[in-house]
Amino acid sequence: MSKIAAIEVIPIIGPTPAADDLDGTTDTVIVRLTDEAGRTGIGETDAPPHVVKAFLEMPTAHLWSRNAAEIVIGADPLEASGLWQKLYEGTFWPGRRGLGIHAISAIDIALYDLAGKQHGVPAYKLMGGARRDKLRPYCTIFPGLAHGRSIEALMTEIGRQFDAALESGFRAVKMEVLFYDLVTDRELVDLIKRGRKMLGAGILMAVDFGYRWQNWHDALYVLDRIEECDIFFAEATLQHDDLEGHARLAERSPIRIGGAEAAATRWEIQEWLTRGRVGIVQPNIGRGGGLTEIRRIADLCELHGAEVVPHGWKTGITSAVGRHFQAACGPAPVFEYVSPKVFDSLLRRELVSPEPNVVDGYMALPDRPGLGIDLNEELVDRLRADKR
């Protein structure tokens, strides 16, 4: 089979920066692998594009600080797991967690895309095959940060996005309530109850609190009072690294606690399962180790009676990765999906195609080789930051 001949790291900066907001779709960094026959595979990570590019293109210093291209070029993309280990060991000194794993994640995803195209199979088949016959995405509802808007204006936008999600076929949503000092905890309870009434019964609903609380007592106050809303899980309740607080909250909360969206690798996820005691872990596939590592994380969750619902707020590359993840991983009840029909973003809307349909809450299994998406080369040429 044709071996990898080239690796390219492409920083993409969209026209609408989000320096004062939390929109991860405003930029990305694409890793593109090309084999000897000219076929390509792509991946992305949710990390600063210029920094990832510098990390992957740095010259080799020694065996624990190697240039990524030296490891990847000449390799068989089908050997993703073996290459993951070589990249991990070869960038151990400057990498290991954080940026190093983010960069490896993008390469790993590109390996599955390329190997799938070489062998004519969807990426999930390279992960062991389908564990379900259809996919269940949830649509994230994000009105943006307040920026002077009233709570009524924010709730109006949430309502608009709820309606757009339901009209687009979704039957599962996540309400982002990043209202912070705009509302008290008591007022927040009423707003979440209002959100549930907007959706009606029968729609799966999760809530993202955006790391609102410093201690688990305050979080429990709210979670106890929204139990009647039938909330699937509570995301980002406490400060990310407060594992003890998460454990105490998980023991007492009537709602399942999620966490670990910034965690990397199965070793860190194990800490969240054993020390943090959360019911759902949420590592980003493009930050936490790629498709190779998320498969291992899913296996780990099965052993601990937990589930994995990855963070996925990025472009259509990440959305496609989420489809293959849920297809191949058992303890994955839903996956995050940024819908271009609900949240307006140039990169999410136009960077890749096609966009799958959601019918009565579900998507069909991917059937095209690799990730099953095509890169918009014109948009890449227009927005790539290293050619300006």
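For the first stop, two residues are in contact when they have heavy atoms within 4.5 Å of each other. Keep in mind throughout that this is a predicted model.

**Stop 1: a helix pair.** Select residues 151–167, helix α6, together with residues 185–199, helix α7. Their axes lie 10 Å apart, and the helices pack at an angle of about 30 degrees. Angles under 35 degrees count as roughly parallel, so α6 is roughly parallel to α7. The crossing of the two is right-handed.

Now show side chains. On the α6 side, pick I151, E152, M155, G159, F162 and L166; they meet L191, R194, G195, M198 and L199 of α7. By class, this contact has seven nonpolar, two polar and two charged residues.

**Stop 2: the largest pocket.** Center the view on L22, G24, D46, E261 and H311, which lie nearest the centre of the largest pocket among its 25 lining residues. The space inside is about 580 Å³.

Stop 3: Next, select T16, D23, T26, F343 and D344, the closest to the centre of the second largest pocket out of 23 lining residues. Its volume is about 360 Å³. Which elements give two or more residues to this lining? They are α6 and α14, the latter at 346–350. Helix α6, from your first stop, gives the largest share, three residues. Coloring by class here gives nine nonpolar, eight polar and six charged residues.

Terms used
Residues numbered from 1 in each chain as written. Predicted model: local features only at pLDDT ≥ 70, side-chain atom pairs only at ≥ 80, totals over all residues. Heavy atoms only, no water. Axes fitted to C-alpha atoms, helices over the stretch in contact; angles between N-to-C directions. Helix = DSSP H or I, 4+ residues; strand = E, 2+ residues; numbered from the N terminus. Parallel < 35°, antiparallel > 145°, perpendicular 65-115°, else oblique. Left-handed = near helix turned anticlockwise from the far one by under 90°. Nonpolar A, V, L, I, M, F, W, Y, C, P; charged D, E, K, R; others polar. 1 Å grid on protein atoms, 1.4 Å probe; cavity = no way out; pocket = protein on both sides within 12 Å on 5 of 7 lines; lining within 4 Å. Points joined across faces, edges and corners; volume = space filled by probe spheres on them.
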